[in-house]
Amino acid sequence: MAEPVVRIPDAKVALSTASVYPESTATAFEIAARLGYDGVEVMVWTDPVSQDVEALRRLSDYHQVPILAVHAPCLLITQRVWSTDPWVKLQRARAAAERLGASTVVVHPPFRWQRQYAKDFVTGIWRMADETDVRFAVENMYPWRYKAREMLAYAPEWDVTKDDYRHFTVDLSHTATARTDALAMIDRMGDRLGHVHLADGKGSAKDEHLVPGRGTQPCAELLERLALTGFDGHVVIEVNTRRAMSAAEREADLAEALAFTRLHLASAAGRPSRPAERAPRP
């Protein structure tokens, strides 16, 4: 039997429900099913359906679209979603993931003003990770900028590779905003890279979340590297479609993002893979 020409990893390509905003969580399931995504990542935020595990289960069953990940409510606009206590939010995200069959909870590092939460965050995430099979994948963020000023809004670090976590999420819109090297970041993450938020950016102070291929980030190169290393996590399309002039335009953007991802999430069989680097836990 001839050897395959192309190697495609086991990674599934999912649609973040945030990608259809201002449309609803339910709309994301409809679009994911229609376009052929492998699943969805649920962004838990102000949409009541995103907070309701049974409603999410019904949507998943109806559209035959699995829920692969749950994004905990870590945004400024979700400070009162699922409690004002950040640890309760993570406990509820874990419980939701377990009930929905999702393998990953995505979590941001704390805001700097959440002092006690930030102080205990690294050890707390390890403790919670030890209590479940669900991955807690901590996501890279970025400095906040206004004109020439820069504010470090996240603690312990916006660059999460400077701290010790079992699993990471890399977000390429965030690497663009941080003006940092995305490929160097995934090298530092090594085999702890468990989850990808695929989007693009041009280095603006704003978190742009462009369709992959429309900015300056190495989206194609990152996907090809994942294919070479046999990445088995999830690649989640998390793009901003708020400026779409119609539902058809939004859907076209999400179809383009899916096609881009599937095209580049492959590698020539037989090419040597680059060894992953893992930083030891102190």
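**Strands, pockets and loops in a predicted model**

Ala-69 stands opposite Thr-104, a residue of strand 5. Strands such as this one, and helices too, are DSSP runs numbered from the N terminus, with at least two residues (E) for a strand and at least four (H or I) for a helix. The structure is a predicted model, in which local features need pLDDT of at least 70 and side-chain atom pairs count only at pLDDT 80 or more, while totals for chains, interfaces and linings use all residues. Residues are numbered from 1 along each chain as its sequence is written, and side-chain values use heavy atoms, with hydrogens and water left out.

Strand 4 (residues 67-71) and strand 5 run parallel and are joined by 3 bridges; two strands are said to pair if DSSP finds at least two bridges between them. Between strand 4 and strand 5 the chain passes through helix 3 (residues 86-100), in a β-α-β crossover that is right-handed. Right-handed here means that, with the strands pointing away from the viewer, the path from the first strand over the helix to the second runs clockwise. Strand 5 also pairs with strand 6 (residues 135-139), again in the parallel sense, over 4 bridges. Within this pairing, Val-107 is found opposite Val-138 of strand 6. The path from strand 5 to strand 6 leads through helix 4 (residues 115-129), and this β-α-β crossover is right-handed.

Buried stands for under 20% relative accessible area and exposed for over 50%, with partly exposed in between (1.4 Å probe, protein chains only).

Helix 7 (residues 219-228) is largely enclosed by the rest of the structure, because 8 of its 10 residues are buried. The buried residues of helix 7 include Cys-219, Leu-223 and Leu-226. After helix 7 comes Gly-230, which has a positive phi, near 70 degrees. Helix 6 (residues 182-189) contains Leu-183, which counts as buried because its relative accessibility is 18%. Apart from its neighbours within four places in sequence, Leu-183 is in contact (heavy atoms within 4.5 Å) with Pro-218, Glu-221, Leu-222 and Arg-225.

Attention now turns to the empty spaces. Rolling a probe the size of a water molecule over the atoms shows where empty space is left. A pocket is an open set of points on a 1 Å grid over the protein atoms alone, where a 1.4 Å probe fits and protein lies on both sides within 12 Å along at least five of seven lines; its lining residues have an atom within 4 Å of a point. The largest pocket has a volume of about 650 Å³, where volume is the space filled by probe spheres set on the points, and grid points are joined across faces, edges and corners. Its lining is made up of 24 residues, and those nearest the centre are Trp-45, Leu-75, Asp-207, His-209 and Arg-242. This lining divides into 13 nonpolar, 7 polar and 4 charged residues. In this scheme Ala, Val, Leu, Ile, Met, Phe, Trp, Tyr, Cys and Pro count as nonpolar, Asp, Glu, Lys and Arg as charged, and the others, Gly among them, as polar.

The second largest pocket has a volume of about 520 Å³. Asp-207, Glu-208, Asn-240, Arg-242 and Arg-243 lie nearest its centre, among 17 lining residues. Strand 7 (144-146) and helix 8 (247-264) are the elements that give two or more residues to this lining. By class, the lining of the second largest pocket has 6 nonpolar, 2 polar and 9 charged residues.

His-209, in the loop between strand 10 (193-198) and helix 7, has a positive phi near 50 degrees and counts as buried because its relative accessibility is 10%. Trp-82, in the loop between strand 4 and helix 3, has a positive phi near 55 degrees. The peptide bond from Tyr-21 to Pro-22 is cis, with omega near 15 degrees, and another cis bond joins Ala-155 and Pro-156, with omega about 0 degrees.
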